[in-house]
Amino acid sequence: MSQTATAQTHAFQAEVKQLLHLMIHSLYSNREIFLRELISNASDACDKLRFEALDAPELFENDPDLAIRVGFDKSARTITVSDNGIGMSAEEVVTHLGTIAKSGTREFFGQLTGDRQKDANLIGQFGVGFYSAFIVADRVTVETRRAGQPASEGVRWECAMTGETAGEYTTEAIERAARGTSITLHLREDQDDLLSGWQLRSLIRKYSDHILQPILMKKEEWDEDKKEQVVSEEDETVNQASALWAKSKNEITDDEYKAFYKHVGHDYDEPLAWTHNRVEGRHEYTQLLYIPKHAPFDLWDRNARHGIKLYVKRVFIMDDAEKLMPTYLRFVRGVVDSADLPLNVSREILQESKDIDTIRAGCTKRVLGLLEDLAENDKDNYAAFWKEFGKVLKEGTGEDFANKDKIAGLLRFASTHADTPDETVSLADYIGRMKEGQDKIYYVTAETFNAAKNSPHLEIFRKKGIEVLLLSDRVDEWVTGNLTEFDGKPLVSVAKGGLDLGELEDEEEKKEAEKAADEYKELLDRVKASLGERVKDVRVTHRLTDSPACLVADEHDMGMNLARILKAAGQDAPMAKPILEINPSHPAVQRLRAEESSFDDWAAVLFEQALLAEGGTLDDPATFVKRINHLMLAMSGN
Ligand SMILES: Nc1ncnc2c1ncn2[C@@H]1O[C@H](COP(=O)(O)OP(=O)(O)OP(=O)(O)O)[C@@H](O)[C@H]1O
C-alpha cells in the first residue's frame, strides 16, 4: 500500500485478480449480467439499511424512501448504478471490494482449468457479483458513504483494468452528502450499444423486474426537432418493485421466478425447481424455496452460509438464516417471510424460537415434497439433482428423525442389478425386484465402487441372482448406521454376522453347510490357532463360490469399512477383530488340509488376501510378499 497526496494504492488479493481475469475472459458473451449483479447488490444494501434502521431510525437521515437509480451519460460513455442503502465505510470498501472473504476460495481457484466453458460454469457457482462490472467496463469508480456517518466520511474506490495499474485499485476520502453507493462504469470501447435508455430498460425488466425497491431512470421523450429520444428531468420506475413472493402464484411467470432466483440465490444459472406457498394457521408465513441446478463450490463446508433469507412482513431481517433449513438441505435457496415474528428478531432469538421450529418443519416438508414430486414425475431432473446433492441429502437419514422415511424414499443407489456406478436404484425399486422368500435389503459398503462391485461377499448373491446395493460413498456408512429398515424390510450388510439367507437357501444347501462345518472342524481349529490374535473366529462359509476365504465383522461389531474410515479421519475407532470364513470347496482350502511344514504361511496368506480383497490394508506388506514368494517357490519344487 503506497500513499500519494490523497489517494492510496492497494493491490488486490491474488484470488480477486484471478477472478477478474476469468470474469472478463469467460463471461463476455453474457455481458448483460453486470447490471443484474450491481442492482442485486444495491437491493441488498437497501435491505440492510432498512433492517439496521429498525433499531436506529436516524440512519435514514430523513430520507426513508429507498431506491436504486440507473443512469447513463453518452458523451462520457458511462453507466451509473446508485442506491441510497447502507453504503460502505473506508474499511468496508477495502475488505468488500479488494478481497474475497468466502471460505474455500483458494481451493475453488485450484479447480479452474483454463477451459472457458468449464470455467464460466465454475464462476457461476462461485457467484459473479460486483466484479462482473469489469466485463463491460475497463474503469470502475465507486463512491460511497455509510449511513449515519458524516459527509466527510465518503470514500472513492477506483480501479482501471488497463495498462500498468491493472491488479491495483485506489481509495481516497471524499465529501459525499448522499448516503449509499454509486458505481460508475467507464465502458470498454465496443460497449456503446449499452448507452441507451431503451437497452438499459429492457435489461432491467428482463433481469431485475422482481427487485423489491423501485429502480428509477430518467424519463425519455421524443424530441421532434432533434429527431431523437431526449432524457427529461422526471423520474420513472422501470421495474414492478414489489415482493415477488407476496404475489399469488398465478400472477408470476416462470421467467420471473427464475430471475428472482438468480438474485436471491446469488446464482448465475437457473434453478432446477421451486416451491412457493403461503402457509396460514397458527403461524402465517410465505415460503419461496428453490433447488439449484448446481452445487455451490462450498457445499461441503458445513459451516458455509446457508441460503435462506428471512423477512418479516417484507422487511429483510437476515441472510443465511441457517435455522430455517436443516443442514442436510443446505443447498436450498430462497425466502421466508413471516407475518408473526417480531421485527427485532436476532440470531440468538431464532435459536430459541418455537415459531422458527414450526417454520423450519414446514419448509423441510415442502422441499421434501418437491423432491418427491421430481422423483416421481421428472426423473431426468431428479437424476440431475441426485448427482449434485445426493450425498448431502443422505446426511438427512441420521439428522432428521421425523422425516427419515421420506428421505429414505428419496435415496438412490448403485446395485448389482445394473452393476454400474450410476446411482439410480431406489429402495422401492429394490423391494419390487426382491426374490420370492427374500425379506431383507442387502448391501455392501466399500471404499470405491469397484471394491464394492467385486467384493467376495457378493459371490453367493450373484450366484442366486439376489440384488445387492453397492455403497461406496463415505456417508453411506452413516446412512446404513441410521437407516436400519425400509418399508418393514431390514437393511443388512452382506459382510456382517452369520449369513442367514432364510428362505432363499434350500434345505440341501443347509445340510451341506452343516456337514462341511463338521468335516472341517479340525482344520478350522488349526487355522485359528495359527492366526491367533488376528481373528475372532474361523468358520466355514457359504458366502463364497470362487474365492477361498473372506472376512466378516461379527454381528454387533463395527463394519470394517466404517472402522477404516474412522481411522483415516483420525478417530479412535475400536478395531474389532474380524471373523475369517473359509470356502471348503475351494482347492486352496482343500490343499491346506494336507499342508504340514508351511501351514502357518498358508493360513496367514489366506487371511491377508481376504483382507486385501475387501479393501483393507496390511500392516506388514513386506512379510506378506515374502510369504507369497516362499509359497510360490515351494510349489515349483525349489
Ligand atoms: N451497492 C452496495 N452497497 C453496499 N455494499 C455493497 C454494494 N455492492 C457491494 N457491496 C459490498 O461488497 C460485497 C461484495 O460484493 P459482491 O457482489 O462481490 O459479492 P456478494 O454480493 O457478497 O456475493 P456474490 O458474489 O455471491 O454476489 C458485498 O457483500 C457487500 O458487502
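Two residues are in contact if their C-beta atoms, placed from the backbone, lie within 7 Å. Keep that cut-off at hand for the exercises below. This is a predicted model, where local features need pLDDT of at least 70, side-chain atom pairs count only at pLDDT 80 or more, and totals for chains, interfaces and linings use all residues. Residues are numbered from 1 along each chain as its sequence is written.

**Exercise 1. Work out which elements the buried residues of α8 pack against.**

Step 1: Helices (H or I, at least four residues) and strands (E, at least two) are DSSP runs, numbered from the N terminus.

Step 2: pick the buried residues. A residue is buried if 20 or more other C-beta atoms lie within 10 Å of its own, exposed if 12 or fewer, and partly exposed in between, with C-beta atoms placed from the backbone. In α8 (residues 254-264), that picks out Ala-259, Phe-260, Tyr-261, Lys-262, His-263 and Val-264.

Step 3: look up their partners. The buried residues of α8 pack against α2, α7, β11 (271-279), β12 (285-292), β13 (307-312) and β15 (333-338).

Step 4: peek past the end of the helix. Just after α8, His-266 has a positive phi of about 45°.

**Exercise 2. Describe how α2 and α7 cross, and list the residues that make the contact.**

Step 1: Two packed helices are described by the angle between their axes and the distance between the axes.

Step 2: Axes are lines fitted to C-alpha atoms, for helices over the stretch in contact, and angles run from 0 to 180 degrees between N-to-C directions. For α2 and α7 (residues 197-208), the axes come within 9 Å and cross at roughly 65°.

Step 3: list the residues. α2 brings Leu-35, Arg-36 and Ile-39, while α7 brings Leu-203, Ile-204, Tyr-207 and Ser-208.

Step 4: sort them by type. Ala, Val, Leu, Ile, Met, Phe, Trp, Tyr, Cys and Pro count as nonpolar, Asp, Glu, Lys and Arg as charged, and the others, Gly among them, as polar. This contact then divides into five nonpolar residues, one polar and one charged.

**Exercise 3. Find which element gives the most residues to the shell around the ligand.**

Step 1: collect the shell. A residue is near a molecule if its C-beta atom, placed from the backbone, lies within 6 Å of it. There are 16 residues around the ligand, and the closest are Ala-45, His-96, Gly-127, Gly-129 and His-266.

Step 2: assign them to elements. Those giving two or more residues are α2 (33-55) and α3 (90-98). α2 gives the most, with three residues.

Step 3: The shell divides into seven nonpolar, eight polar and one charged residue.
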